[in-house]
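Colleague: Hi! Could you walk me through this structure, step by step?

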Amino acid sequence: MRTVMLAVFIMGVLYAVVNAVQSAAKGPTGKRGGNPLESVADGVSSLLNRADSAAPDLSGALSRIDVKLPQFGVEGAPRPAETAPLQDISGTDLSGAEHAEGNFAGWRANATTFTDALLDRASFEGAVAKGANFYKARMASANLKAGVFDGSVFKGADLKGVIARAGLFRRADFAEADLGFSTFSAADLTGAQARDAYAVGALFVSAALSRADFSGADLTGARFEKADLSGALFADATLEAARFAGARLAGADLSAAKGLTAAQLVGACGDQFTKLPAGVSAALAACPE
């Protein structure tokens, strides 16, 4: 705004100069005469005097305009919210700690101990907790989405209703854990241990479960649609009403599973190493390479 006003002022000065030169050249009767330089000086002086008298009002107007403009980059002005730095609690011992509804989203907690901790409804979304120990921790309805828990121990933990979509749980230990109605869809549980786990109604849709061990687990009503169960073990596992449509069962051992029927395997694929319970005759399609 100040730049615009200055430009207007300069244009006024130039206009006055031109008029003064023309007037001096013609004289008071329209004829040439007089000193052009004196006329120019008089015209400019007059214009400057008028500008000086108007300056306080002009300055005030500019000030009133300035206060309405946003003040960017000045101290005390509003700034975009800064992302809080991620916390690293790797290797710490939080055994027995009470953090129900705690927010560990995005934190690093590698090899951290949460034994017997209260973590119901806590958020570990996007956290990195490789080799962490959640032995017998209470984590009902916790959020583990997209977290990295490779090699972590959840043995005997309460994970009822936990949401762990797209998480990494390779070689994790869920033995004797309560996984009832939990969601591990699209998660990677390659080589995970879930012996004697309670996983009624659990969702493993499109999950990577190759070489996972579900021996003795209660998987009643669990959903394994489109999951990769290559080489998985189901010795003495309860599979009543479990769904396997589109699942990959190459090399899977279901020979000692309980409650499994041929109808549950419709749409699944297998190979010559797939083992089914005695009396269960299912025409499994060959799994693609």
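Modeller: Happy to; we will go through the overall fold, then a disulfide, then some aromatic rings.
Modeller: This is a predicted model, where local features need pLDDT of at least 70, side-chain atom pairs count only at pLDDT 80 or more, and totals for chains, interfaces and linings use all residues. Residues are numbered from 1 along each chain as its sequence is written, and side-chain values use heavy atoms, with hydrogens and water left out.

Colleague: Thanks! How many helices and strands does the protein have?
Modeller: There are two helices and two strands, and from the N terminus on they run α-α-β-β. Helices (H or I, at least four residues) and strands (E, at least two) are DSSP runs, numbered from the N terminus.

Colleague: And how much of the protein is buried?
Modeller: Of its 289 residues, 39% count as buried. Buried means under 20% relative accessible area, exposed is over 50%, and partly exposed is in between (1.4 Å probe, protein chains only).

Colleague: What about contacts between residues at least 6 apart in sequence?
Modeller: Among those, 5% join residues at least 24 apart. A contact means heavy atoms within 4.5 Å.

Colleague: New topic: which cysteines form a disulfide?
Modeller: C269 and C287 do, with their sulfur atoms 2.1 Å apart. The term covers a pair of cysteine sulfur atoms within 2.5 Å, and a search of the whole structure finds one.

Colleague: Which parts does that pair tie together?
Modeller: C269 lies in strand β1 and C287 in the segment after β2 (285–286), so the link ties together parts that are 18 residues apart in sequence.

Colleague: Is C269 buried or exposed?
Modeller: C269 is buried, with a relative accessible area of 11%. C287 is buried too, at 12%.

Colleague: Now the rings: how many aromatic pairs are there?
Modeller: The structure holds 24. Rings of Phe, Tyr and Trp (its six-membered ring) pair if their centres lie within 6.5 Å; planes under 30 degrees apart count as stacked, over 60 as edge-to-face and the rest as tilted. One of the pairs is F169 with F174: the centres are 5.8 Å apart and the planes at 55°, so this pair is tilted.

Colleague: What about F174 and F184?
Modeller: Their ring centres are 5.6 Å apart and the planes are at 80°, so that pair is edge-to-face. Both residues lie in the loop between α2 (36–66) and β1 (269–270), so the pair ties together parts that are 10 residues apart in sequence.

Colleague: Are those two buried or exposed?
Modeller: F174 is buried, with a relative accessible area of 2%, and F184 is buried at 1%.
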